[in-house]
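User: I have a model open here and would like to talk it through with you. Could we start with the strands?

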Amino acid sequence: MKKNKKAYHFETQLIHAENNPAKNRKATTLPIYQSTAFKYESSKNISQVFNGEAAGDLYSRISNPSLSILERKLTVLEDGLGALLTGSGMAAITAAVLTLAKSGHQLVASNSLFGGTYSFFNKTIREFGVETTFVDPSSASNFLGAITNQTKAIFIETIGNPKMDVPDIAAIAQIAAKFNLPLIVDSTVTTPQLVRPKVLGANLVIHSISKFINGHGNCLGGVVVDCGNFDWSGKRFVHFKDYSQRYGRLAFLAKMRREVFRDFGPCLAPHSAFLMDIGLETLALRMNKHCANAQALAEFLAKQPKVKAVNYPGLTDNKFHALAAKQFNNCFGAVLTFRLKNQAQCFKLIDKLELAYNLANIGDAKTLVIHPASTICIEFTTAERKNMGVTDDLVRVSVGIEHQADIIDDFNQALEAI
Ligand SMILES: Cc1ncc(COP(=O)(O)O)c(C=O)c1O
(Lines give C-alpha, C1' and ligand atoms only; values in the text may rest on other atoms or scores of the structure.)
Protein backbone atom coordinates (compact mmCIF):
# COMPACT_ATOMS: atom_id res chain seq x y z
CA MET A 1 0.00 0.00 0.00
CA LYS A 2 1.27 3.46 -0.85
CA LYS A 3 2.27 5.48 2.19
CA ASN A 4 0.09 8.51 2.90
CA LYS A 5 2.31 11.43 1.82
CA LYS A 6 1.37 13.40 4.93
CA ALA A 7 2.92 10.62 7.02
CA TYR A 8 6.37 11.15 5.53
CA HIS A 9 9.09 12.64 7.69
CA PHE A 10 10.12 16.27 7.29
CA GLU A 11 13.22 15.47 5.20
CA THR A 12 11.10 13.44 2.79
CA GLN A 13 8.43 16.11 2.56
CA LEU A 14 11.09 18.68 1.64
CA ILE A 15 11.70 16.66 -1.50
CA HIS A 16 8.42 14.95 -2.28
CA ALA A 17 5.57 17.04 -0.88
CA GLU A 18 3.46 18.23 -3.80
CA ASN A 19 6.07 17.02 -6.27
CA ASN A 20 4.01 15.10 -8.77
CA PRO A 21 5.86 14.06 -11.97
CA ALA A 22 2.73 12.33 -13.26
CA LYS A 23 0.95 15.68 -13.41
CA ASN A 24 3.96 17.50 -14.85
CA ARG A 25 4.72 15.48 -17.99
CA LYS A 26 7.00 13.26 -15.87
CA ALA A 27 9.33 16.14 -14.98
CA THR A 28 11.01 15.55 -11.62
CA THR A 29 11.87 19.17 -10.85
CA LEU A 30 9.40 22.01 -10.43
CA PRO A 31 8.23 23.03 -13.93
CA ILE A 32 8.67 26.69 -14.83
CA TYR A 33 5.46 28.10 -16.31
CA GLN A 34 7.07 31.18 -17.81
CA SER A 35 3.81 32.65 -19.00
CA THR A 36 2.37 36.03 -18.14
CA ALA A 37 -1.23 35.00 -18.75
CA PHE A 38 -3.30 31.86 -19.30
CA LYS A 39 -5.63 31.14 -22.21
CA TYR A 40 -9.31 30.26 -21.77
CA GLU A 41 -11.62 28.37 -24.10
CA SER A 42 -14.72 30.38 -23.41
CA SER A 43 -15.66 33.87 -22.28
CA LYS A 44 -17.94 32.34 -19.70
CA ASN A 45 -15.12 30.30 -18.17
CA ILE A 46 -12.65 33.19 -17.91
CA SER A 47 -15.36 35.31 -16.36
CA GLN A 48 -16.08 32.60 -13.76
CA VAL A 49 -12.41 32.46 -12.82
CA PHE A 50 -12.23 36.25 -12.53
CA ASN A 51 -15.27 36.14 -10.31
CA GLY A 52 -13.87 33.42 -8.04
CA GLU A 53 -16.56 30.92 -9.07
CA ALA A 54 -14.07 28.57 -10.72
CA ALA A 55 -10.43 27.81 -9.99
CA GLY A 56 -7.71 28.72 -12.48
CA ASP A 57 -4.72 30.88 -13.25
CA LEU A 58 -5.38 34.10 -15.09
CA TYR A 59 -2.36 36.31 -14.86
CA SER A 60 0.96 35.65 -13.10
CA ARG A 61 0.73 38.75 -10.92
CA ILE A 62 -2.09 36.96 -9.11
CA SER A 63 -1.22 33.26 -9.43
CA ASN A 64 0.95 30.94 -11.48
CA PRO A 65 1.13 27.10 -11.62
CA SER A 66 4.87 26.99 -10.72
CA LEU A 67 4.21 29.08 -7.65
CA SER A 68 1.18 27.02 -6.69
CA ILE A 69 3.31 23.87 -6.41
CA LEU A 70 5.79 25.56 -4.08
CA GLU A 71 2.98 27.27 -2.15
CA ARG A 72 1.42 23.88 -1.49
CA LYS A 73 4.76 22.39 -0.42
CA LEU A 74 5.41 25.24 2.03
CA THR A 75 1.87 24.81 3.33
CA VAL A 76 2.61 21.14 4.06
CA LEU A 77 5.89 22.03 5.78
CA GLU A 78 4.14 24.53 8.09
CA ASP A 79 1.03 22.34 8.45
CA GLY A 80 -0.98 25.32 7.22
CA LEU A 81 -4.16 26.03 5.35
CA GLY A 82 -2.48 27.75 2.42
CA ALA A 83 0.41 30.01 1.44
CA LEU A 84 1.20 32.85 -0.91
CA LEU A 85 4.64 33.43 -2.35
CA THR A 86 6.03 36.92 -2.78
CA GLY A 87 8.98 38.51 -4.55
CA SER A 88 10.94 39.02 -1.30
CA GLY A 89 10.64 38.60 2.44
CA MET A 90 9.79 42.29 2.77
CA ALA A 91 7.04 41.85 0.19
CA ALA A 92 5.62 39.01 2.32
CA ILE A 93 5.55 41.22 5.42
CA THR A 94 4.07 44.13 3.44
CA ALA A 95 1.43 41.92 1.82
CA ALA A 96 0.39 40.39 5.16
CA VAL A 97 0.09 43.79 6.83
CA LEU A 98 -1.76 45.39 3.91
CA THR A 99 -4.22 42.52 4.07
CA LEU A 100 -4.79 42.85 7.81
CA ALA A 101 -4.72 46.57 8.49
CA LYS A 102 -5.84 49.85 7.01
CA SER A 103 -5.50 53.48 8.02
CA GLY A 104 -6.53 53.95 11.66
CA HIS A 105 -5.57 50.41 12.65
CA GLN A 106 -2.69 49.53 14.93
CA LEU A 107 -0.14 46.73 15.24
CA VAL A 108 2.00 45.52 18.10
CA ALA A 109 5.50 44.42 17.15
CA SER A 110 8.64 43.24 18.84
CA ASN A 111 11.28 45.96 18.98
CA SER A 112 13.94 43.42 18.06
CA LEU A 113 13.45 42.97 14.33
CA PHE A 114 15.38 42.82 11.09
CA GLY A 115 16.15 46.46 10.14
CA GLY A 116 13.99 46.50 7.01
CA THR A 117 11.00 45.18 8.95
CA TYR A 118 11.56 47.72 11.71
CA SER A 119 11.65 50.58 9.18
CA PHE A 120 8.51 49.26 7.49
CA PHE A 121 6.58 49.35 10.76
CA ASN A 122 8.18 52.44 12.21
CA LYS A 123 8.06 54.69 9.17
CA THR A 124 6.64 53.40 5.90
CA ILE A 125 3.36 51.89 7.02
CA ARG A 126 2.91 54.63 9.63
CA GLU A 127 2.83 57.11 6.74
CA PHE A 128 -0.18 55.15 5.45
CA GLY A 129 -1.96 55.60 8.80
CA VAL A 130 -1.14 52.25 10.41
CA GLU A 131 0.51 52.78 13.80
CA THR A 132 2.87 50.26 15.36
CA THR A 133 3.59 50.02 19.07
CA PHE A 134 6.94 48.36 19.70
CA VAL A 135 7.55 46.27 22.80
CA ASP A 136 10.47 44.39 24.27
CA PRO A 137 9.59 40.77 23.39
CA SER A 138 11.69 39.20 26.14
CA SER A 139 8.64 39.11 28.42
CA ALA A 140 5.27 38.09 26.94
CA SER A 141 3.41 40.34 29.38
CA ASN A 142 4.98 43.41 27.68
CA PHE A 143 2.57 42.84 24.79
CA LEU A 144 -0.48 43.19 27.04
CA GLY A 145 -0.20 46.94 27.63
CA ALA A 146 0.23 47.71 23.93
CA ILE A 147 -3.00 46.11 22.66
CA THR A 148 -5.87 48.49 21.85
CA ASN A 149 -9.30 48.13 20.25
CA GLN A 150 -7.73 48.95 16.92
CA THR A 151 -4.95 46.35 17.12
CA LYS A 152 -5.03 43.91 14.19
CA ALA A 153 -1.97 41.73 14.77
CA ILE A 154 1.09 40.98 16.87
CA PHE A 155 4.38 40.55 15.01
CA ILE A 156 7.53 38.83 16.27
CA GLU A 157 10.64 37.10 14.94
CA THR A 158 11.59 33.63 16.21
CA ILE A 159 15.12 34.86 16.94
CA GLY A 160 15.58 38.62 16.73
CA ASN A 161 17.96 39.53 13.91
CA PRO A 162 20.56 40.74 14.90
CA LYS A 163 19.83 40.95 18.66
CA MET A 164 19.61 37.15 18.89
CA ASP A 165 16.96 37.32 21.58
CA VAL A 166 14.33 34.59 21.74
CA PRO A 167 10.71 35.42 22.53
CA ASP A 168 8.48 32.88 24.25
CA ILE A 169 6.26 32.22 21.24
CA ALA A 170 3.71 30.07 23.07
CA ALA A 171 3.25 32.66 25.83
CA ILE A 172 2.81 35.50 23.30
CA ALA A 173 0.41 33.34 21.27
CA GLN A 174 -1.73 32.88 24.37
CA ILE A 175 -2.01 36.63 24.80
CA ALA A 176 -2.82 37.09 21.12
CA ALA A 177 -5.54 34.43 21.35
CA LYS A 178 -7.02 36.04 24.47
CA PHE A 179 -7.50 39.28 22.52
CA ASN A 180 -8.62 37.52 19.31
CA LEU A 181 -5.53 38.74 17.50
CA PRO A 182 -3.50 36.84 14.91
CA LEU A 183 0.12 36.25 15.92
CA ILE A 184 2.47 36.69 12.95
CA VAL A 185 5.81 34.95 13.32
CA ASP A 186 8.74 35.67 11.03
CA SER A 187 10.58 32.35 11.11
CA THR A 188 13.22 33.23 8.50
CA VAL A 189 16.21 32.35 10.68
CA THR A 190 14.68 29.17 12.10
CA THR A 191 12.94 27.80 8.96
CA PRO A 192 10.35 24.99 9.24
CA GLN A 193 13.28 22.72 10.14
CA LEU A 194 13.79 24.21 13.62
CA VAL A 195 10.24 25.18 14.53
CA ARG A 196 6.71 24.94 13.25
CA PRO A 197 5.31 28.15 14.82
CA LYS A 198 1.74 26.82 14.48
CA VAL A 199 2.50 24.23 17.14
CA LEU A 200 3.25 27.09 19.53
CA GLY A 201 0.02 28.91 18.62
CA ALA A 202 1.11 31.23 15.78
CA ASN A 203 -1.52 32.04 13.16
CA LEU A 204 0.51 33.43 10.26
CA VAL A 205 4.06 32.41 9.45
CA ILE A 206 6.37 34.48 7.30
CA HIS A 207 9.68 33.53 5.79
CA SER A 208 12.14 35.44 3.75
CA ILE A 209 12.87 32.44 1.55
CA SER A 210 15.83 34.38 0.12
CA LYS A 211 17.80 33.06 3.11
CA PHE A 212 18.08 29.46 4.35
CA ILE A 213 15.22 28.06 2.28
CA ASN A 214 16.92 29.15 -0.93
CA GLY A 215 20.24 28.46 0.74
CA HIS A 216 22.53 29.63 -2.04
CA GLY A 217 22.07 33.37 -2.24
CA ASN A 218 20.81 33.23 -5.81
CA CYS A 219 17.32 34.74 -5.64
CA LEU A 220 14.88 36.68 -3.48
CA GLY A 221 11.51 35.50 -2.28
CA GLY A 222 9.08 35.41 0.60
CA VAL A 223 6.06 33.52 1.78
CA VAL A 224 3.06 34.10 4.01
CA VAL A 225 1.47 30.93 5.40
CA ASP A 226 -1.97 30.97 6.98
CA CYS A 227 -1.86 28.26 9.65
CA GLY A 228 -5.63 27.86 9.41
CA ASN A 229 -6.18 28.33 13.15
CA PHE A 230 -7.54 31.88 13.23
CA ASP A 231 -11.19 32.86 12.92
CA TRP A 232 -11.29 35.72 10.41
CA SER A 233 -14.99 36.31 10.98
CA GLY A 234 -14.45 37.73 14.49
CA LYS A 235 -15.26 41.27 15.67
CA ARG A 236 -11.76 42.62 15.18
CA PHE A 237 -11.99 41.75 11.51
CA VAL A 238 -15.22 43.39 10.40
CA HIS A 239 -13.23 44.65 7.40
CA PHE A 240 -12.96 40.97 6.39
CA LYS A 241 -16.74 40.47 6.43
CA ASP A 242 -17.25 40.04 2.67
CA TYR A 243 -14.31 37.65 2.42
CA SER A 244 -15.36 35.64 5.48
CA GLN A 245 -18.85 35.23 4.11
CA ARG A 246 -17.63 34.19 0.72
CA TYR A 247 -14.43 32.26 1.44
CA GLY A 248 -14.85 31.12 5.07
CA ARG A 249 -11.53 29.91 6.52
CA LEU A 250 -9.74 31.06 3.36
CA ALA A 251 -10.77 34.70 3.95
CA PHE A 252 -7.26 35.99 4.72
CA LEU A 253 -5.59 34.24 1.78
CA ALA A 254 -8.40 35.25 -0.58
CA LYS A 255 -8.20 38.90 0.50
CA MET A 256 -4.44 38.93 0.12
CA ARG A 257 -4.52 37.35 -3.33
CA ARG A 258 -7.56 39.15 -4.68
CA GLU A 259 -6.69 42.60 -3.34
CA VAL A 260 -3.02 42.93 -2.42
CA PHE A 261 -1.62 40.73 -5.17
CA ARG A 262 -3.91 42.24 -7.77
CA ASP A 263 -3.35 45.87 -6.73
CA PHE A 264 0.23 45.97 -5.41
CA GLY A 265 1.80 43.16 -7.45
CA PRO A 266 4.29 41.65 -4.97
CA CYS A 267 4.42 38.33 -6.88
CA LEU A 268 7.38 35.95 -7.15
CA ALA A 269 8.78 35.06 -10.58
CA PRO A 270 8.25 31.43 -11.76
CA HIS A 271 11.97 30.88 -12.27
CA SER A 272 12.59 31.95 -8.68
CA ALA A 273 10.09 29.33 -7.49
CA PHE A 274 12.17 26.74 -9.37
CA LEU A 275 15.39 27.86 -7.65
CA MET A 276 13.68 27.99 -4.25
CA ASP A 277 12.37 24.47 -4.63
CA ILE A 278 15.83 23.14 -5.45
CA GLY A 279 17.14 24.84 -2.32
CA LEU A 280 14.30 23.53 -0.20
CA GLU A 281 15.10 19.92 -1.06
CA THR A 282 18.36 20.09 0.92
CA LEU A 283 17.17 22.34 3.75
CA ALA A 284 17.39 19.67 6.45
CA LEU A 285 20.95 18.68 5.56
CA ARG A 286 22.06 22.26 5.32
CA MET A 287 20.35 23.50 8.49
CA ASN A 288 21.92 20.73 10.56
CA LYS A 289 25.35 21.67 9.26
CA HIS A 290 24.67 25.43 9.57
CA CYS A 291 23.65 24.98 13.21
CA ALA A 292 26.58 22.70 14.07
CA ASN A 293 29.06 25.11 12.48
CA ALA A 294 27.47 28.12 14.23
CA GLN A 295 27.63 26.33 17.57
CA ALA A 296 31.32 25.52 17.06
CA LEU A 297 32.16 29.07 15.97
CA ALA A 298 30.22 30.57 18.90
CA GLU A 299 32.07 28.33 21.35
CA PHE A 300 35.41 29.22 19.77
CA LEU A 301 34.70 32.96 19.82
CA ALA A 302 33.49 32.82 23.44
CA LYS A 303 36.98 31.64 24.47
CA GLN A 304 38.87 34.43 22.69
CA PRO A 305 40.26 37.21 24.91
CA LYS A 306 39.71 39.82 22.17
CA VAL A 307 35.98 38.96 22.02
CA LYS A 308 33.95 40.81 24.68
CA ALA A 309 30.73 38.86 24.25
CA VAL A 310 29.08 36.33 21.94
CA ASN A 311 25.31 36.33 21.36
CA TYR A 312 24.15 32.91 20.32
CA PRO A 313 21.31 31.03 22.03
CA GLY A 314 23.21 27.77 21.58
CA LEU A 315 25.73 28.78 24.26
CA THR A 316 24.71 27.22 27.57
CA ASP A 317 25.27 30.47 29.49
CA ASN A 318 23.07 32.47 27.07
CA LYS A 319 19.97 33.71 28.86
CA PHE A 320 17.71 32.38 26.11
CA HIS A 321 19.35 28.96 25.94
CA ALA A 322 16.72 26.90 27.77
CA LEU A 323 13.79 28.52 25.95
CA ALA A 324 15.51 28.23 22.57
CA ALA A 325 16.42 24.58 23.20
CA LYS A 326 12.77 23.82 23.95
CA GLN A 327 11.28 25.89 21.12
CA PHE A 328 13.75 25.02 18.40
CA ASN A 329 14.31 21.36 19.00
CA ASN A 330 17.83 21.83 20.38
CA CYS A 331 19.07 23.67 17.29
CA PHE A 332 19.93 27.33 17.52
CA GLY A 333 20.22 28.65 14.00
CA ALA A 334 23.21 29.89 12.06
CA VAL A 335 23.27 33.59 12.85
CA LEU A 336 25.37 34.90 15.71
CA THR A 337 26.83 38.21 16.77
CA PHE A 338 29.89 39.07 18.80
CA ARG A 339 31.47 42.19 20.26
CA LEU A 340 35.03 43.39 19.96
CA LYS A 341 36.73 46.43 21.54
CA ASN A 342 35.25 49.01 19.15
CA GLN A 343 34.14 49.71 15.58
CA ALA A 344 37.71 50.06 14.31
CA GLN A 345 38.52 46.54 15.54
CA CYS A 346 35.36 45.19 13.84
CA PHE A 347 36.34 46.79 10.54
CA LYS A 348 39.89 45.41 10.85
CA LEU A 349 38.66 41.91 11.63
CA ILE A 350 36.15 41.89 8.78
CA ASP A 351 38.79 43.12 6.35
CA LYS A 352 41.21 40.40 7.51
CA LEU A 353 38.72 37.56 6.98
CA GLU A 354 39.62 35.55 3.89
CA LEU A 355 36.88 32.93 3.68
CA ALA A 356 33.87 34.82 5.04
CA TYR A 357 32.25 37.28 2.64
CA ASN A 358 31.51 40.80 3.84
CA LEU A 359 27.99 41.37 2.56
CA ALA A 360 24.42 42.18 3.56
CA ASN A 361 22.73 38.79 3.62
CA ILE A 362 22.20 35.74 5.79
CA GLY A 363 21.37 32.11 5.07
CA ASP A 364 23.80 31.41 2.24
CA ALA A 365 25.88 28.22 2.05
CA LYS A 366 28.82 30.58 2.41
CA THR A 367 29.83 32.20 5.70
CA LEU A 368 28.81 35.86 5.63
CA VAL A 369 29.84 38.70 7.89
CA ILE A 370 28.83 42.33 8.36
CA HIS A 371 29.17 45.26 10.74
CA PRO A 372 25.46 46.09 11.29
CA ALA A 373 25.84 49.56 12.87
CA SER A 374 27.60 51.03 9.82
CA THR A 375 25.56 49.18 7.19
CA ILE A 376 22.11 47.61 7.56
CA CYS A 377 21.30 49.71 10.66
CA ILE A 378 23.03 52.93 9.59
CA GLU A 379 19.78 54.88 9.26
CA PHE A 380 18.61 54.22 12.81
CA THR A 381 19.11 56.51 15.80
CA THR A 382 21.45 55.42 18.56
CA ALA A 383 18.42 54.66 20.78
CA GLU A 384 16.82 52.51 18.09
CA ARG A 385 20.08 50.69 17.51
CA LYS A 386 20.36 50.09 21.25
CA ASN A 387 16.89 48.49 21.30
CA MET A 388 17.95 46.28 18.43
CA GLY A 389 21.13 45.30 20.25
CA VAL A 390 23.24 46.96 17.58
CA THR A 391 26.31 48.51 19.16
CA ASP A 392 29.30 49.94 17.27
CA ASP A 393 31.45 47.05 18.46
CA LEU A 394 29.16 44.34 17.05
CA VAL A 395 29.86 41.93 14.17
CA ARG A 396 27.15 39.67 12.71
CA VAL A 397 27.98 36.31 11.19
CA SER A 398 25.75 34.02 9.18
CA VAL A 399 27.67 30.78 9.49
CA GLY A 400 27.88 28.74 6.30
CA ILE A 401 28.29 25.05 5.58
CA GLU A 402 31.98 25.04 4.72
CA HIS A 403 34.23 22.73 6.75
CA GLN A 404 34.01 23.76 10.39
CA ALA A 405 37.79 23.90 10.84
CA ASP A 406 38.20 26.27 7.88
CA ILE A 407 35.61 28.68 9.27
CA ILE A 408 37.21 28.69 12.72
CA ASP A 409 40.72 29.04 11.24
CA ASP A 410 39.56 32.06 9.27
CA PHE A 411 38.22 33.84 12.35
CA ASN A 412 41.28 32.77 14.33
CA GLN A 413 43.74 34.27 11.84
CA ALA A 414 41.66 37.46 11.59
CA LEU A 415 41.52 37.83 15.39
CA GLU A 416 45.27 37.27 15.62
CA ALA A 417 45.81 39.99 13.04
CA ILE A 418 43.91 42.75 14.89
C1 LIG B 1 14.26 37.99 9.68
C2 LIG B 1 14.12 38.62 8.32
N3 LIG B 1 12.89 38.87 7.84
C4 LIG B 1 12.72 39.44 6.63
C5 LIG B 1 13.80 39.80 5.86
C6 LIG B 1 13.56 40.44 4.53
O7 LIG B 1 13.75 39.51 3.53
P8 LIG B 1 14.12 39.88 2.00
O9 LIG B 1 15.54 40.35 2.01
O10 LIG B 1 13.91 38.59 1.29
O11 LIG B 1 13.19 40.94 1.58
C12 LIG B 1 15.09 39.56 6.31
C13 LIG B 1 16.25 39.95 5.50
O14 LIG B 1 17.38 39.87 5.93
C15 LIG B 1 15.25 38.94 7.58
O16 LIG B 1 16.47 38.70 8.08
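User: Which residue of S7 does Thr86 stand opposite?

Analyst: In this predicted model, Thr86 stands opposite Gly222, which belongs to S7.

User: And in what sense do S1 and S7 pair, parallel or antiparallel?

Analyst: Strand S1 and strand S7, the latter covering residues 222-226, pair in the antiparallel sense, and the pairing runs over five bridges.

User: What is the strand order of the sheet they sit in?

Analyst: The order is S1-S7-S6-S5-S4-S2-S3, in an open sheet of seven strands whose pairing is mixed. The edges are formed by S1, residues 82-86, and S3, residues 131-135, each of which pairs on one side only. From one strand to the next, the twist averages 20°.

User: Switching to helices, how do H3 and H10 cross?

Analyst: The axes of H3 (residues 65-77) and H10 (residues 270-281) come within 8 Å and cross at roughly 35°, and the crossing in which H3 passes H10 is left-handed.

User: Which residues make that contact?

Analyst: H3 contributes Ser66, Leu67, Leu70 and Lys73, while H10 contributes Pro270, Ala273, Phe274, Met276, Asp277 and Leu280. By class, the residues of this contact between H3 and H10 divide into seven nonpolar, one polar and two charged.

User: Now the ligand: how many residues surround it, and which are closest?

Analyst: The ligand is surrounded by 16 residues, and the closest of these are Ser88, Gly89, Met90, Ser208 and Ser210. Helix H4 (89-100) and helix H5 (115-124) are the elements that give two or more residues to this shell.

User: What's the make-up of the shell by class?

Analyst: The shell around the ligand has nine polar residues, along with five nonpolar and two charged ones.

User: Last topic, domains. Where are they, and how far apart are the centres of domain 1 and domain 2?

Analyst: The protein is divided into domain 1, spanning 9-279, and domain 2, spanning 284-416, and their centres, taken over C-alpha atoms, are separated by 28 Å. The contact takes 28 residues from domain 1 and 31 residues from domain 2.

User: Which helices supply the domain 1 side?

Analyst: Helix H1 (10-16), H5 and helix H7 (191-194) each supply at least two residues of the side of domain 1 that touches domain 2.

Methods:
Residues numbered from 1 in each chain as written. Predicted model: local features only at pLDDT ≥ 70, side-chain atom pairs only at ≥ 80, totals over all residues. Near = placed C-beta within 6 Å. Helix = DSSP H or I, 4+ residues; strand = E, 2+ residues; numbered from the N terminus. Nonpolar A, V, L, I, M, F, W, Y, C, P; charged D, E, K, R; others polar. Domains from an automatic or database assignment. Contact = placed C-beta atoms within 7 Å. Axes fitted to C-alpha atoms, helices over the stretch in contact; angles between N-to-C directions. Left-handed = near helix turned anticlockwise from the far one by under 90°. Pairing = 2+ DSSP bridges.
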